[in-house]
There are 2 protein chains.
Amino acid sequence: MTEPLDPDMFDPLCPSGLMPIRLGDKWSGMIIRCLEQGPRRFSELRVPLRGISAKVLTQSLRALERDGFVLRTAHSGPVQRVEYALTPLGRSLIEPLNTMCAWAEEHWEELLDAREA
Amino acid sequence: MTEPLDPDMFDPLCPSGLMPIRLGDKWSGMIIRCLEQGPRRFSELRVPLRGISAKVLTQSLRALERDGFVLRTAHSGPVQRVEYALTPLGRSLIEPLNTMCAWAEEHWEELLDAREA
DNA sequence: CTGTATCCTCCAAGATACTG
DNA sequence: CAGTATCTTGGAGGATACAG
């Protein structure tokens with residue numbers, strides 16, 4: 001491991017390098033998982049993501065939208081109603097996300113044990 | 001999605017919640033991938049991880065060690081020589097990591113396109 | 001070679017208040 | 001309801017110098 005990896009993780013355009021940009025933050029992964037079962041409204045997302053501030057949720061959602069993971073739809077009407085849904089690209093992330101979570105469920109006891117020692 | 005997820009992502013002990021702790025940072029995932037092919041020395045790791053400072057590499061390695069992903073071995077001798085290797089737990093992360101990277105390789109064109117628009 | 005010790009900067013995230 | 005506008009802060013990450 002003295003040579004750059006293939007693909008080079010530090011190429012600014014490298015896939016691996018892109019991941020942290022949007023999934024390395026605190027909320028993106030969780031938001032995507034919250035949208036797995038179908039579109040949700042802004043305030044519906046705040047419930048399972050307890051603790052998230054409106055500002056941060058807005059920021060995260062905007063970023064996910066910009067990157068094509070999420071689609072924002074504002075329904076006009078007497079009461080304001082905005083829905084967020086996964087795009088096909090966003091849905092394609094569900095599987096790798098689940099792989100990670102499956103790993104965590106399978107190994108977190110070990111992790112806790114290691115941390116104590 | 002108005003109910004807590006199952007498992008609840010915000011349980012302090014939840015697997016999903018644990019992930020960002022060690023893999024959400026900038027370097028942990030990459031370090032683990034750098035150790036995939038076998039043990040590496042401190043300075044060998046700095047090459048592919050170009051740009052990482054000694055301080056940050058040390059911090060990351062210590063954390064990975066504490067969590068049981070990496071094993072540190074100091075070989076005594078005339079010249080100091082320290083090797084880092086994946087533990088079985090660390091190796092078990094390779095697959096989910098590769099799943100993520102495979103996703104990225106497959107979709108980053110879409111991601112770039114979305115970002116331009 | 002393998003780190004420590006300092007100092008510094010930046011920014012994600014949170015708190016709070018306010019708006020159409 | 002779905003956000004914006006400000007202000008603040010903790011801590012990750014980096015630069016540099018030094019040490020065993």
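Student: Is B:Phe69 buried or exposed in this predicted model?

Tutor: Buried means under 20% relative accessible area and exposed over 50%, with partly exposed in between (1.4 Å probe, protein chains only). At 2% relative accessibility, B:Phe69 therefore counts as buried. As the model is predicted, local features need pLDDT of at least 70 and side-chain atom pairs pLDDT 80 or more, while totals for chains, interfaces and linings use all residues, and side-chain values use heavy atoms, without hydrogens and water. Residues are numbered from 1 along each chain as its sequence is written, with chains lettered from A and ligands numbered from 1 in the order in which they are written.

Student: How many aromatic pairs does a search of the whole structure find?

Tutor: A pair of aromatic rings is described by the distance of the centres and the angle of the planes. Rings of Phe, Tyr and Trp (its six-membered ring) pair if their centres lie within 6.5 Å, and planes under 30 degrees apart count as stacked, over 60 as edge-to-face and the rest as tilted. Over all chains, the search finds two such pairs. In the pair of A:Phe69 and B:Trp103, the centres are 6.0 Å apart and the planes meet at 40°, so the arrangement is tilted. A:Phe69 sits in the loop between α4 and β2 (70–75) of chain A, whereas B:Trp103 belongs to helix α6 (residues 94–116) of chain B, so this pair joins two chains. A:Phe69 is buried at a relative accessible area of 1%, and B:Trp103 is buried at 5%.

Student: Where do the partners of the aromatic pair of A:Trp103 and B:Phe69 lie?

Tutor: The pair itself is tilted, at 6.0 Å centre to centre and 40° between the planes. A:Trp103 is part of helix α6 (residues 94–116) of chain A and B:Phe69 of the loop between α4 and β2 (70–75) of chain B, so this pair, too, joins two chains. With 5% relative accessibility, A:Trp103 counts as buried.

Student: Which residues of α4(B) are buried, and why do they line one face of the helix?

Tutor: An α-helix has 3.6 residues a turn, so residues three or four places apart point the same way. Helices (H or I, at least four residues) and strands (E, at least two) are DSSP runs numbered from the N terminus. In α4(B) the buried residues are B:Leu57, B:Ser60, B:Leu61, B:Ala63 and B:Leu64. Viewed down the axis of α4(B), these residues fall within an arc of 160° (taken from the directions from the axis to the C-beta atoms), so they line one face of the helix. Just after α4(B), B:Gly68 has a positive phi of about 85°.

Student: Which residues of α4(A) are buried?

Tutor: They are A:Leu57, A:Ser60, A:Leu61, A:Ala63 and A:Leu64. An arc of only 160° around the axis covers these residues, which puts them on the same side of α4(A). Just after α4(A), A:Gly68 takes a positive phi of about 80°.

Student: Which residues come nearest to DNA strand C?

Tutor: A residue is near a strand if one of its heavy atoms lies within 4 Å of it. Among the 17 residues around DNA strand C, the nearest are A:Lys55, A:Gln80, B:Ser43, B:Arg72 and B:Tyr84. An N or O atom in the side chain of A:Lys55 is 2.3 Å from a base oxygen, whereas a polar side-chain atom of B:Ser43 lies 2.5 Å from a phosphate oxygen and an N or O atom in the side chain of B:Arg72 is 2.6 Å from a phosphate oxygen. The largest share of this surface, four residues, is supplied by α4(B).

Student: Which element gives the largest share of the surface near DNA strand D?

Tutor: That element is α4(A), with four residues. In all, 18 residues surround DNA strand D, and the closest are A:Ser43, A:Tyr84, B:Lys26, B:Lys55 and B:Gln80. A polar side-chain atom of B:Lys55 lies 2.3 Å from a base oxygen of DNA strand D, while phosphate oxygens are 2.6 Å from an N or O atom in the side chain of A:Tyr84 and 3.2 Å from a polar side-chain atom of A:Arg62.

Methods:
Polar contact = N/O pair within 3.5 Å; in protein donor to acceptor, adjacent residues only side chain to side chain.
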